[in-house]
Amino acid sequence: MAMPQLYGRTKSVTKRSKKYLEEALYVRLFKEGSSEVSVRQQLNQFLKSSKRVFKWEVGDTIKKLRSRNLYYPAVKLSETMSSRGMNKTVSDQAIHLDLVAKTRGIPAAENYFIDLPETSKNLRTYGALLNCYCKELMTEEAEALIEKMKELNLGLSSMSYNSLMTLYTKVGQPERIPAIIQEMKADNVMPDSYTYNVWMRALAAVNDISGVERVIEEMKRDGRVAANWTTYSNLASIYVDAGYFDKAEKALKELEKINANKDLFAFQFLITLYGRTGKLLEVYRIWRSLRLAFPKTANISYLNMIQVLVNLKDVPGAEKCFREWESGCSTYDIRVANVIISAYAKEGLVDKAEELKERARRRGAKPNSKTWEIFCDYYLKNGDVKLGVDCIANAVSAGRGNGQKWVPSPVIVGSLMAHFEQQKDVDGAEDLIEILKKAVDDVAVEVFESLIRTYAAAGRKSQLMRRRLKMENVEVSDDCQKLLEAICVE
């Protein structure tokens with residue numbers, strides 16, 4: 001199915017022929033919601049049909065899929081439409097390279113880059129590969145690639161340097177960032193607001209708050225890059241982390257002045273940061289402004305507000321806000337309920353927490369791994385090991401929202417195994433290990449050593465224990481080897 005290249009045409013789907021999809025492609029894909037399962041189903045239906053779409057729709061849809069972390073449908077759409085005749089621009093190829101890295105790994109992305117025509121190997125595609133290396137914290141590869149980009153005189157942009165500086169921040173090398181800033185200045189590479197934010201964070205990481213303030217002053221003097229709300233939210237956060245609450249408030253007031261366009265994320269940062277300074281009245285003031293700007297308030301905004309109120313110990317206020325959300329929400333989000341459930345559990349109000357969990361279930365929101373984690377912590381702290389283990393099993397079964405497995409922390413596993421060992425509870429230890437096997441590929445050797453000690457303490461025998469350890473590829477300590485001699489006696 002050929003893809004018409006409709007550059008210069010009005011981006012409208014209202015008057016196209018019946019050969020084409022009757023609605024915009026992204027509208028079709030999100031018809032049944034934004035979950036990956038429903039999007040994949042809609043995408044498969046479209047790809048099986050004979051309907052055509054415009055090229056700009058494909059690009060727009062891929063952009064929306066990426067923004068929602070729906071990388072697998074995005075890469076499938078990109079590859080299928082390319083195989084049907086849609087010509088990729090270099091920008092399209094750079095985006096596809098990023099999608100390949102996210103869905104199939106760096107080696108696949110490298111192979112895609114190598115196979116690109118030489119005319120496509122420019123700053124965009126090199127920059128995309130550099131960004132992939134930086135996100136995967138592949139320092140040597142990122143540094144080698146940026147040197148290659150310099151050799152090719154590709155004309156590095158602030159985006160390339162930003163990727164490298166973000167990498168250094170994540171690997172705990174913020175002290176390397178000032179040198180990159182100096183290199184940018186020497187090469188006349190114009191910074192952007194992100195550059196300044198990373199620079200400020202790097203200085204804050206080494207407790208150079210006066211240096212952070214000099215960066216802000218330099219930004220103002222330079223004048224080419226205007227401070228935006230992210231600049232002041234970043235500054236306020238740095239001040240809060242350093243305990244300079246008065247300076248943080250001044251930065252937040254500047255943020256408010258800049259937020260003339262009523263950016264939702266700016267409102268949410270204001271609420272979070274005023275909350276971190278302990279200013280409850282300011283939190284409520286910004287919340288009222290957010291509600292006026294966005295009468296149809298998103299679940300994520302309620303989630304943020306309720307969490308801040310709970311953090312400030314204003315549980316009655318959080319309950320009131322939660323009831324307001326609950327009465328008007330179109331989709332019952334278990335994440336919002338979890339905040340209140342957690343607050344109840346911490347106050348020992350487990351009956352209220354259980355009641356809310358069941359109410360959420362009736363509204364169509366199944367408990368997720370976080371829900372069960374909250375109850376697990378409560379039961380274990382109160383000595384109810386059986387219910388705690390049941391919650392772990394439920395959390396493992398629920399998994400994480402991104403499709404990954406939920407794994408209990410080593411601390412929790414260790415404390416439970418120690419409990420079973422002390423109580424000589426072999427069955428309890430074995431049950432926990434069976435749950436762990438559903439969450440991890442390899443159960444830690446420490447868990448098996450604790451199991452062996454539990455068998456020994458209980459006087460239980462197991463003729464198959466040695467074979468079991470061999471099958472699990474587990475090598476236990478010399479002390480446990482001695483215990484095995486007693487345990488494995490026929």
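Which residues form one aromatic cluster?

Modeller: The cluster is made of Phe322, Trp325 and Tyr332. Before we go on, please keep in mind that this is a predicted model, in which local features need pLDDT of at least 70 and side-chain atom pairs count only at pLDDT 80 or more, while totals for chains, interfaces and linings use all residues. Residues are numbered from 1 along each chain as its sequence is written, and side-chain values use heavy atoms, with hydrogens and water left out.

Let's begin with the rings. A pair of aromatic rings is described by the distance of the centres and the angle of the planes. Rings of Phe, Tyr and Trp (its six-membered ring) pair if their centres lie within 6.5 Å; planes under 30 degrees apart are called stacked, those over 60 edge-to-face, and the rest tilted. That rule gives eleven aromatic pairs. In one of them, phenylalanine 54 and tryptophan 56 have ring centres 6.5 Å apart and planes at 45°, so this pair is tilted. Phenylalanine 54 is buried, at 7% relative accessible area; buried means under 20%, exposed over 50%, and partly exposed in between (1.4 Å probe, protein chains only).

Now step back to the whole chain. It has 27 helices and zero strands, where helices (H or I, at least four residues) and strands (E, at least two) are DSSP runs, numbered from the N terminus. The C-alpha trace spans about 80 × 55 × 55 Å along its principal axes. Of the 490 residues, 47% are buried. Take the contacts, meaning heavy atoms within 4.5 Å, that have a separation of 6 or more: residues 24 or more positions apart account for 60% of them.

Two loops are worth a visit. Lysine 313 sits in the loop between helix 17 (299-311) and helix 18 (315-328). Its phi is positive, about 65°, although lysine 313 is not a glycine. At 71% relative accessibility, lysine 313 counts as exposed. Asparagine 69, in the loop between helix 3 (55-67) and helix 4, also has a positive phi, near 60°, and is a residue other than glycine.

If we set aside neighbours within four places in sequence, glutamine 268 touches Leu290, Ile300, Ser301 and Asn304.

Helices can also meet each other. The axes of helix 7 (residues 123-135) and helix 9 (residues 158-170) come within 9 Å and cross at roughly 5°. Axes here are lines fitted to C-alpha atoms, for helices over the stretch in contact, with angles from 0 to 180 degrees between N-to-C directions. Helix 7 and helix 9 are therefore roughly parallel; that label covers angles under 35 degrees, while over 145 is roughly antiparallel, 65 to 115 roughly perpendicular, and the rest oblique. Helix 7 brings Leu123, Leu130, Asn131 and Cys134 to the contact, and helix 9 brings Ser160, Ser163, Leu164 and Leu167. By class, that contact holds five nonpolar, three polar and no charged residues. Here Ala, Val, Leu, Ile, Met, Phe, Trp, Tyr, Cys and Pro count as nonpolar, Asp, Glu, Lys and Arg as charged, and the others, Gly among them, as polar.

Charged residues come next. A salt bridge is a side-chain nitrogen of Lys or Arg within 4 Å of a carboxyl oxygen of Asp or Glu, and the structure holds 36 of them. One joins glutamate 79 and arginine 104, at 2.6 Å from N to O. This pair links distant parts of the chain, 25 residues apart: glutamate 79 lies in helix 4 (residues 71-83) and arginine 104 in helix 5 (residues 90-104). Glutamate 79 is partly exposed at 31% relative accessibility, and arginine 104 is partly exposed at 46%.

Another salt bridge connects lysine 437 with glutamate 472, whose closest N and O atoms are 3.1 Å apart. Lysine 437 belongs to helix 24 (residues 426-437), and glutamate 472 to the loop between helix 26 (465-471) and helix 27 (478-487), 35 residues apart. Lysine 437 is partly exposed at 32% relative accessible area, and glutamate 472 is partly exposed at 24%. Finally, salt bridges can form networks too: Lys253, Glu256, Glu282 and Arg285 are linked in one.
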